[in-house]
Amino acid sequence: DYGLERPQGYNVSFHYNPHVEYHHFGSSHPMKPWRLTLTKQLVLSYGLEYTMDLYEPRPANFNELAIFHDREYLSYLSEITPQNAKPDDAQYIAYGFGGDSNDCPVFDGLWNYVSLYTGASMSAAYNLLNKQSDIAINWSGGLHHAKKNLASGFCYVNDIVIAIQLLLTQHQRVLYIDIDVHHGDGVEQAFESTDRVFTLSFHKYGIDRHGWPFFPGTGNIDEIGPKDPANRGKAHSLNIPIDDGIDDHQYKSLFKTVTSKVVEKYNPQAIVLQSGADSLGGDRLGRFNLNIKAHGSCIETVKSFGRPLILIGGGGYTPRNVARTWCHETAVCVGATLHDDLPTHIPYLQAFQGEENGGGRLYPDLHNTKRHDNLNTDPALQKLVERAMENLRYMEG
Ligand code: V1P
Ligand code: CA
Ligand code: ZN
């Protein structure tokens with residue numbers, strides 16, 4: 001008995017096609033789809049599958065991906081394989097494959113991979129539309145950097161944009177919130193000319209000591225959408241740039257203050273929350289210092305707004321902590337409290353053992369992995385909130 005009581009009684013659905021986890025970006029690539037295997041195993045080991053409706057969605061098809069993406073780009077994406085790829089090809093480079101760091105490699109089953117995670121986000125959106133669920137979860141989605149004709153930052157197809165497009169068939173205003181440590185640039189750009197989607201991203205922003213901007217290099221506080229007052233998208237984006245090492249208390253208060261104000265002013269009819277787990281302490285690519293429960297408190301905050309909600313994954317590069325976080329956040333959605341001792345009967349238990357601190361536990365103290373000094377002072381964050389509130393005043397109605 002892991003205390004699975006559900007006082008709130010929300011209808012939660014879980015959208016997951018297990019075939020997605022067998023894809024490999026390459027051994028040295030930080031994106032590991034098998035983190036989804038770990039996540040699913042934790043969710044099952046706590047018995048959370050009995051508290052939700054489970055769906056195994058079909059892959060999205062070409063025409064569905066073309067809701068957002070260019071057909072020429074999709075044709076290329078559907079045909080390219082490691083065998084036929086020509087890295088010097090003009091299209092290969094123009095569409096964002098390869099590059100100096102090989103962020104978007106061409107791997108076996110690439111088309112299948114993008115169709116599966118997008119199919120799951122679409123399935124989640126349909127569940128909100130037909131009112132089968134109050135909260136629909138897809139941990140395999142959240143690939144926020146993909147543009148209509150460009151792969152970027154491990155993202156080839158933007159499942160978030162496609163899911164929001166579906167929500168817009170019934171909802172007048174959709175709010176997108178992004179707590180991945182990276183700026184949600186692809187979603188922001190896709191909806192820059194409409195007032196029917198408000199995009200809000202919290203992320204690391206800044207230039208390192210070698211002069212490199214933190215990926216993708218956009219999302220400063222002044223970036224609030226088109227400057228042209230005739231453009232309907234004006235002031236319908238808000239960016240919260242944060243420095244290294246932000247702690248639980250600071251992030252929670254920043255998140256709650258800003259999102260509450262946005263919800264009050266924009267009054268969305270549905271919310272899509274990208275819950276990238278690379279904002280945790282000890283992440284391989286991230287710079288923040290959040291613990292699992294602080295990350296999860298953002299989901300609690302958004303849930304408390306009481307709007308139909310899609311919860312999706314995103315980044316997260318220390319797989320055992322990604323799985324812990326998304327399992328915890330699944331429990332938050334259904335209103336369950338989980339025991340800190342991991343169930344001992346789970347497969348892959350060794351993935352959660354042998355840590356210096358936190359082995360065998362669901363909620364290790366990730367501050368112990370402290371690799372980044374906190375460069376965020378409370379007065380600087382106070383100023384940031386004031387600037388954010390100022391930016392919100394430019395939005396009408
Ligand atoms: O910084 C870059 C490249 C270098 N160019 C000048 C830009 N790429 C980053 C991409 C991070 C993508 C994050 C995706 C997400 O937001 C959503 C799923 O989480 C990058 C990094 C880094 N440390 O920022 N690529 C890699 N590391 C990388 C490392 C090894 C192999 C391949 C890529
Ligand atoms: Ca973000
Ligand atoms: Zn990220």
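In this predicted model, His 182 is buried, with a relative accessible area of 7%. Asp 278 is buried as well, at a relative accessible area of 0%. Because His 182 sits in the loop between β4 (174-178) and α7 (185-190), while Asp 278 belongs to the loop between β7 (270-274) and α9 (292-303), the pair ties together parts that are 96 residues apart in sequence.

Turning to the helices, α6 (residues 159-167) is mostly covered, with eight of its nine residues buried. The buried residues of α6 are Asp 159, Ile 160, Val 161, Ile 162, Ala 163, Ile 164, Leu 166 and Leu 167.

Helix α5 (residues 110-129) packs with α6 at an angle of about 25°, and their axes lie 9 Å apart. Since angles under 35 degrees count as roughly parallel, α5 and α6 are therefore described as roughly parallel to each other. Their crossing is right-handed. On the α5 side, the contact is made by Tyr 117, Thr 118, Ser 121, Met 122, Ala 125, Tyr 126, Leu 128 and Leu 129, which meet Asp 159, Ile 162, Ala 163, Leu 166 and Leu 167 of α6. Sorted by class, this contact comprises ten nonpolar, two polar and one charged residues.

Terms used: Residues numbered from 1 in each chain as written. Chains lettered and ligands numbered in written order. Predicted model: local features only at pLDDT ≥ 70, side-chain atom pairs only at ≥ 80, totals over all residues. Heavy atoms only, no water. Buried < 20%, exposed > 50% of the residue type's maximum accessible area, 1.4 Å probe, protein only. Helix = DSSP H or I, 4+ residues; strand = E, 2+ residues; numbered from the N terminus. Axes fitted to C-alpha atoms, helices over the stretch in contact; angles between N-to-C directions. Parallel < 35°, antiparallel > 145°, perpendicular 65-115°, else oblique. Left-handed = near helix turned anticlockwise from the far one by under 90°. Contact = heavy atoms within 4.5 Å. Nonpolar A, V, L, I, M, F, W, Y, C, P; charged D, E, K, R; others polar.
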